[in-house]
Structures are given as C-alpha cells and as structure tokens.
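Subject: Model handover

Hello,

Please keep it open while you read the notes below.

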Amino acid sequence: MQLHHWRRAVLKVGSSLVAPEGVLSTRYRLGIARFIAEARLQQREIILVSSGAVAAGRTVLPTLAEHGRKYLSGKQALAAAGQARLIMSWATLFDFPVAQLLLTAADLQDRQRYVNAKNTLRELLNADCLPIINENDSIITDELKVGDNDNLAAHVASLIDADLLIIGSDIDGLYDKHPGKFPDAKRIDCVDVIDASIYAMAGGAGTVAGTGGMQTKIQAAERAIKRGITTVIGSGQKTEFFHALLEDRCLGTSFVPKGDRQTARKHWLQHNLKSQGKILIDAGAFTALRERGASLLPSGITAIEGEFETGDAVDVIWQNGEQSQLLGKGLSQFDSSMLQQIKGLRRDAIAAIAGVNASDVVIHRDDLVLT
Ligand SMILES: Nc1ncnc2c1ncn2[C@@H]1O[C@H](COP(=O)(O)OP(=O)(O)O)[C@@H](O)[C@H]1O
Ligand SMILES: N[C@@H](CCC(=O)OP(=O)(O)O)C(=O)O
C-alpha cells in the first residue's frame with residue numbers, strides 16, 4: 001500500500017521485538033536501529049517509543065525477577081533497573097545522541113506538563129537527537145497509567161504532530177482473527193473504518209512480554225487517525241517492512257485517515273476546541289504569521305481578552321485601528337494572566353517575568369490554523 005510522503009514518525013517497538021525471549025536482545029533492534037538511522041539520513045524525524053523496561057529488568061535483577069514480578073513494587077523496581085539498561089543499550093546502537101522521556105497519563109492530562117513535554121520533544125528534534133520514550137512504569141498506579149505503549153505512542157504522535165505512527169510488532173499486521181489460534185486467519189492490508197467488527201478481530205498479546213495484543217494497537221490507530229495521523233502495523237522483525245517505509249510504502253496493515261492530515265488537524269482545532277479567549281496582534285505579527293508561517297511571539301501581541309489556561313485554544317485577531325480581522329485559531333503556550341504581563345515584550349524582558357526557562361513562543365506555528 002502506497003503511503004503519503006511522511007516526514008515525522010513515531011515508531012513504537014513492542015517487548016516482542018526488544019526482548020523476544022523475555023530478555024533484552026539486539027536480534028531485531030539492529031534492524032530497527034538501521035531503519036532509524038536511514039530515515040534520519042533522508043531528513044525524516046523519528047521519535048522512538050520503546051517497550052522492554054520490565055523485560056530488561058529481569059536480566060539486571062535476576063533474583064527480584066523470580067519473585068518480584070508478582071507484586072506492584074517488585075515490577076516497578078524491575079522497570080526502574082531495566083529502563084536504565086534499555087536506554088543504554090539503545091544508545092550504543094547509534095552514532096547520534098539519544099534522550100529519554102518517561103511519561104504517564106497524568107503528564108498527558110495536565111496542560112502545563114503536556115506543553116512542556118511537547119516543547120522538550122521539539123527541542124530534542126531540533127538538536128538532532130533521538131527521543132526515546134517509555135511509560136514511567138516505576139511510579140505509576142493503575143489510575144495514572146496509559147497502560148500500554150501502543151496508546152502511549154498514539155498520544156505522543158498527536159502531541160508532536162507526527163504524520164505517521166508506526167507500530168512494530170512480532171506480527172506483520174492485523175489479521176481477521178487471532179493468527180496464533182486460527183491457521184486460516186488472513187491479513188488485512190488496509191482498514192478504512194474502525195468499528196466493532198475490527199475490534200472483534202483482535203485477540204490478546206502473543207507473548208508473555210507483550211501487553212494488550214492487537215486490541216491496544218487498534219485503539220492507538222483509532223486515536224491517531226482522529227488526528228489525521230496515518231497508522232501502520234507491521235513486523236519489526238522484517239527488513240522489508242522497514243525498507244518499504246523508507247519508500248513510503250506499507251507492507252503491513254495501514255489505517256488511513258479520510259482527507260489529508262492538515263484538514264483533519266484543522267478540523268480538530270477548529271471544531272473540537274472551543275476558543276477560550278482572544279489574542280490581538282499587530283500588523284508585523286499578522287504578516288509574519290500569514291505570509292511567513294512564523295510562530296506568534298509576545299512582541300507582536302497588543303492585547304489579551306478573556307481568561308484562559310496554558311494549552312487552551314484562542315482566537316488570533318489583527319486589530320487595525322477600529323477594524324479587526326480574524327487570522328485564525330491556535331493553542332496558547334501561556335495562560336492569559338502571564339500573557340497580560342509579557343505582551344509586547346522582547347525575549348530578555350520575558351525571561352525576567354516568566355523565568356529564564358520559559359519559552360518565548362506564544363503559539364507555535366504547528367498549533368495555529370489560519371482561517
Ligand atoms: N487479529 C490479530 N491479528 C494479529 N495479531 C493478533 C491478533 N489477535 C491477537 N494477536 C496477537 O497480538 C500479538 C502482538 O501483540 P503483543 O504480543 O502485545 O506484542 P507487542 O509486544 O509488539 O506489543 C501478535 O503476536 C498476535 O499473537
Ligand atoms: N512500559 C512497559 C511496556 C508496556 C507495553 O505496552 O508493552 P508492549 O505491548 O510489549 O509494547 C515496559 O517497558 O516494560
């Protein structure tokens with residue numbers, strides 16, 4: 001199946017690839033690492049979501065592995081020890097820097113942490129670094145869990161505005177029934193609509209190390225395509241799967257959103273998010289945003305209307321004397337009270353008010369939809 005030309009992908013690799021026999025191994029990770037390196041050479045960006053911390057922990061702490069995985073703190077200790085081994089072992093496969101981000105559902109629900117995670121990822125990509133993400137298994141309880149890395153990867157894809165979500169597993173796609181139980185199961189090339197009949201095809205995990213099986217992969221695809229992100233599920237054990245992706249083709253199962261990605265994103269921003277306030281901008285900012293596709297900086301803001309929180313959607317309006325023109329809608333990286341203080345200011349002055357670590361971008365161009 002031919003895909004669109006993708007530029008930024010979240011690649012999720014399951015425990016079945018990272019630790020095929022329940023312990024950390026390079027057997028499939030060498031091929032995965034080669035794919036990441038080649039994609040980067042093609043000027044594509046990759047964010048890796050890697051499972052395998054608990055499996056790696058079993059090697060690091062064999063005694064705990066025997067008894068510890070039966071209770072929560074034991075599993076969490078295995079994940080803590082294993083995560084360090086996991087990240088080190090990925091780092092040795094690359095000649096570019098890697099960075100680790102451990103996220104929880106709470107981080108994705110809290111607006112400030114969500115924006116922080118997004119900004120950190122953007123910085124890492126700009127610095128040519130490979131972000132490697134996992135769930136922060138060592139501290140979470142059930143209520144705060146995303147629970148599986150398929151859904152976590154879909155959240156990350158949406159957070160960083162990826163145009164492709166690749167779910168690498170030990171199987172070459174979604175079958176119409178559990179292939180391990182039914183020898184006549186047939187692989188599906190492309191899913192147009194995700195409904196109950198698609199979920200009914202999915203069985204549980206294939207290995208002891210895996211979590212969720214196809215169920216969570218379909219959930220992830222559903223979450224991603226709602227945001228206009230094409231999702232593919234395929235075998236991370238096969239070099240052909242990765243080769244094809246480098247040529248914008250999918251040899252597994254693809255889930256393709258209707259319409260193009262910008263349309264879906266635009267639709268999501270425009271129709272699913274209610275504007276909580278207004279940011280009025282000057283003529284210079286209007287031109288920069290409209291003509292040059294720039295991000296909105298505080299220096300171009302003349303006034304703020306309404307009360308809103310960090311991450312809320314706001315209308316961006318050019319006010320020209322008595323007349324005003326709606327430029328678009330975007331996600332604000334600051335709340336309205338901080339914006340009241342930093343509007344019209346330049347970078348140095350902003351740092352004195354918002355702190356040296358504060359971003360000086362109010363609405364990133366990726367988060368702005370022009371009307
Ligand atoms: N309909 C299906 N199509 C394909 N695989 C399925 C299906 N139902 C269940 N599975 C199982 O899901 C497994 C992949 O999920 P999982 O074991 O959680 O792996 P991972 O570690 O890659 O997330 C497959 O190996 C297969 O045994
Ligand atoms: N966060 C866990 C993996 C969770 C998970 O979703 O596993 P998998 O189904 O193998 O991708 C770990 O690192 O062990």
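This is a predicted model: local features need pLDDT of at least 70, side-chain atom pairs count only at pLDDT 80 or more; totals for chains, interfaces and linings use all residues.

Residues are numbered from 1 along each chain as its sequence is written, chains are lettered from A and ligands numbered from 1 in written order, and side-chain values use heavy atoms, with hydrogens and water left out.

Annotated positions. An unreviewed UniProt entry lists S51, D137 and N149 under "binding site". UniProt positions follow the numbering used here, feature names are shortened, and annotations may be inferred rather than shown by experiment. The three span 99 residues in sequence, yet no two of their C-alpha atoms are more than 10.8 Å apart, so they gather at one spot.

S51 sits in the loop between β2 (45–50) and α3 (53–60). Helices (H or I, at least four residues) and strands (E, at least two) are DSSP runs, numbered from the N terminus. S51 is buried, at 9% relative accessible area. Buried means under 20%, exposed over 50%, partly exposed in between (1.4 Å probe, protein chains only). Leaving out residues up to four places away in sequence, S51 touches K12, V13, G14, S15, V18, L86, N134 and N149. Contact means heavy atoms within 4.5 Å.

D137 lies in the loop between β4 (130–135) and α8 (149–159). D137 is partly exposed, at 24% relative accessibility. With residues up to four places away in sequence not counted, D137 touches A53, Q76 and A79.

Helix pair. The axes of α7 (residues 111–126) and α8 come within 10 Å and cross at roughly 75°. That makes α7 roughly perpendicular to α8 (65 to 115 degrees counts as such). Axes are lines fitted to C-alpha atoms over the stretch in contact, and angles run from 0 to 180 degrees between N-to-C directions. Y114, A117, K118 and L121 in α7 meet V156, S158 and L159 in α8.

Helix α2. In α2, the residues R29, I32, A33, F35, I36, A39 and R40 are buried. They cover an arc of only 155° around the axis, which puts them on the same side of α2. The arc is taken from the directions from the helix axis to the C-beta atoms. Just after α2, Q43 has a positive phi of about 65°.

Last, S336. S336 belongs to helix α14 (residues 336–342). S336 is buried, at 7% relative accessible area.

Best regards

How values were computed. Angles under 35 degrees count as roughly parallel, over 145 as roughly antiparallel, 65 to 115 as roughly perpendicular and the rest as oblique.
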